[in-house]
Amino acid sequence: METNLHERLKEIIPDNLELTTQKKEEIISAAHDRFVQQQQPVKKHVWKPVAVGVSAFALTILLSYPFIEDIKEQLIVSQVTEQSYEEISIPGRSAETLFTAIFDDATNSFFYFEGGNIYSYAIDTQIETVEVKGELPISKILVNENWLVWMCEDKEDVFVKNRKTLEVKEFSTSSFIDLDDDILLTDNDNTHSGHTIYHMTNLRTNEIKQYKQSFDNSSVSQPIYQDNKLLIPKVVKKDGEEVVRFTLYDVGTAKEEQYELPFKGTLAIALTDQKIYASFKDGKSLETGYVDLVNGSYHKIDGKKAFSLAAYKNKLAINEFIPKEGKSQFRLYDVNDGSLTSLSDFKDVKFALTGPRFTKEGTLQFFGVNEKYISEDGTLEDKDEAVKLYLQRFQ
């Protein structure tokens, strides 16, 4: 099966980026950028062939920076220092399947889905296990050491599997958003009351807490739940001007704090270590920075224009645009009082890197796309080497 990225990109690029048709075509053409030659050996895990699942969303983020001119002829540079990382190949798995992969530190395994099935694959043993077998196509999953959570297409039901007891339970909701330890964050839009209700369900005790927020024409980015705190990013009108408003709700104390910044929107957000990192839209440009939750101050990270990012404590992984060079690259930094120290530039990786995500334990997961398998019409060929998974550990 082939993944038609051309059509998926057209559908997924959000309207609020205000792109022209020509600009969208330029974004799509970014998939044809050349890749650098492999320079250094890396630690590899080559897995046995298995049957095939993340949506093309991760690839879309890599290619959807709206302000790159003449990007078709540019080289997307993915530059790692000597720090060890793992390059994981899964022969027989399609790009669509691999893009759903989520890494679990506790079992050193990836979880991914295809059709109605969810699979795990243990790196140490190279054994694949069918975790869930069903008939309805699965649309999304979340996983941690204790829980496996999933939803099926066209159904407002969440399924939860206890990974210790193997018990499965089900409850109704519009969607789930985040999973942190035993707490699952879900949401429901109640058009009758005019509120979006966020539920935080303790999967072990079944206790439910809720946060109710009025919804209007403002743009809401995906909320984040972490360490008993709920972060809701929104774009609101204030004195006739758009501003970004972060609402941070402490579930334990029921206290709420708000932070407003003079930007038009956000592209990516991360909450970690008493900081809210974000890539902000400012007219036709981007700015990367963070809000210090200790004192409410904002810190701009000079020179960085991240169109995707992930953060864990003082580590920041970003896809950034380099204006002077006219190209983008994937890098990992250490952040200290707003200044950056490069930890890894992934110089020897020949694939275009995207989709950074940190696990709760601090392992960095990301994807690599082999651009030579992207055809003229934006279709990613179903080849074993089309997509690879990468891990970088810091323990």
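**A tour of the strands and cores**

Begin with E5 and E6, which pair in the antiparallel sense over 3 bridges; two strands pair if DSSP finds at least two bridges between them, and strands (E, at least two residues) and helices (H or I, at least four) are DSSP runs numbered from the N terminus. The model is predicted, so local features need pLDDT of at least 70 and side-chain atom pairs pLDDT 80 or more, while totals for chains, interfaces and linings use all residues. Residues are numbered from 1 along each chain as its sequence is written, and side-chain values use heavy atoms, without hydrogens and water.

Select Phe 103, which stands opposite Phe 110 in E6. Widen the view to the open antiparallel sheet of 4 strands, in the order E5-E6-E7-E8. Its edge strands are E5 (102–104) and E8 (127–132), each pairing on one side only.

Return to Phe 110: with Ile 88, Leu 380, Val 387 and Leu 389, it touches the most other members of the largest nonpolar core, which has 21 residues. Such a core is a set of buried (under 20% relative accessible area, 1.4 Å probe, protein chains only) Ala, Val, Leu, Ile, Met, Phe, Trp, Tyr and Cys residues joined through side-chain atoms within 4.5 Å. E33 gives the most to this core, with 3 residues.

Next, select E11 (157–162), where 6 of 6 residues are buried. Asp 157, Phe 159 and Lys 161 point one way, and Val 158, Val 160 and Asn 162 the other. Val 160 stands opposite Val 149 and also opposite Lys 169 in E12.

Finish at the hairpins: Asp 154, in that of E10 and E11, takes a positive phi near 60°, and Leu 166, in that of E11 and E12, one near 70°.

Terms used
Buried means under 20% relative accessible area, exposed over 50%, partly exposed in between (1.4 Å probe, protein chains only).
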